[in-house]
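Visitor: Could you walk me through this protein and tell me what stands behind the terms you use?

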Amino acid sequence: MAPTVEALARRCRVLTFSLAADPAEALAQVDAALDHAGVNAAAICGVSLGGMIALHYAASRPARVSALVLASTPGPAWEPDRIQAFCARYGSVTAPVFVGAAMVRMWPELLRARGGWLRALPAIGRQGLRVLAHPASPGGMRRRLAWWLAIDRAADARRVQAPALVLAGDDALDRVVPASGTREYASYIRGARFMTIENTGHVGVITRPDRFAEIVSEFVKEKRGTVPLPDAAP
């Protein structure tokens, strides 16, 4: 997510960190990050699996969330498909299968966002280096997935009090998490706004970071009535 973090940082203060492997510690981890930065309330932005944590945090800590952004987050009724469930069950042993399947699913999105093969290949190479330098934790992903499937996501969404923005890519391009499922949160969260990031699917934070940052920062600015300041950072 480095491209989007950098794009957001040009517009407002950004607090970011890697989520703990144990999802039971996630709420306390977000609390600790805000406390360490001296932030009482923040705009919380979660992408994909991170959106699950962001939603639960907003439902559980309303006083600390000034706005909520859910991007390409698995929907309230989402269940993993066979490949995702297989990879989650067997963890690190199936990591190459998981990565390979993800690349196959995201390839059409990368081509569309970058405008063809020649422009897509350098972007894929840069992202590949980031993944190698900062590998994901299969065990952590498995625990987060099991935790998330046990939660009543629709109930969490109904409990959100903060202004909310729900983001998804084009329906035909997000082959990881159905955009239609992500869109459902806009009907569960009172007053939520839904927007589509055109010409991208699940990884708009990689393929269209400037557009992603523009949408998020403008939403936060609008809901605060001023330019984002350090005491309420996405």
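Predicted model: local features only at pLDDT ≥ 70, side-chain atom pairs only at ≥ 80, totals over all residues.

Visitor: What makes up the secondary structure of the protein chain?

Guide: The chain has 12 helices and four strands. Both are DSSP runs numbered from the N terminus: helices are H or I with at least four residues, strands are E with at least two.

Visitor: Why is Ala 58 called buried?

Guide: Buried means under 20% relative accessible area, exposed over 50%, and partly exposed in between, with a 1.4 Å probe and protein chains only. Ala 58 has 2% relative accessibility, so it counts as buried. This residue sits in helix α3. Over the protein chain, buried residues make up 48% of the 234 residues.

Visitor: Which residues does Ala 58 touch, not counting residues up to four places away in sequence?

Guide: They are Val 65, Leu 68 and Val 160, where contact means heavy atoms within 4.5 Å. The C-alpha atoms of Ala 58 and Ala 162 are 7.4 Å apart, although 104 residues separate the two along the chain.

Visitor: Why is strand β3 described as largely enclosed by the rest of the structure?

Guide: Five of the five residues in β3 (residues 164-168) are buried, so the rest of the structure largely encloses this strand. Ala 164, Val 166 and Ala 168 point one way, Leu 165 and Leu 167 the other. In a regular strand, side chains alternate between the two faces of the sheet.

Visitor: Which strands pair with β3?

Guide: Two strands pair if DSSP finds at least two bridges between them. Strand β2 (residues 65-71) pairs with β3 in the parallel sense over four bridges, and β3 pairs with strand β4 (residues 193-196) in the parallel sense, also over four bridges. Ala 71 stands opposite Leu 167, while Ala 168 stands opposite Thr 196.

Visitor: How do you know whether α2 and α3 are roughly parallel or roughly perpendicular?

Guide: Helix α2 (residues 26-37) and helix α3 (residues 49-60) pack at about 75 degrees, with axes 10 Å apart. Angles under 35 degrees count as roughly parallel, over 145 as roughly antiparallel, 65 to 115 as roughly perpendicular and the rest as oblique. The two helices α2 and α3 are therefore roughly perpendicular.

Conventions
Residues numbered from 1 in each chain as written. Heavy atoms only, no water. Axes fitted to C-alpha atoms, helices over the stretch in contact; angles between N-to-C directions.
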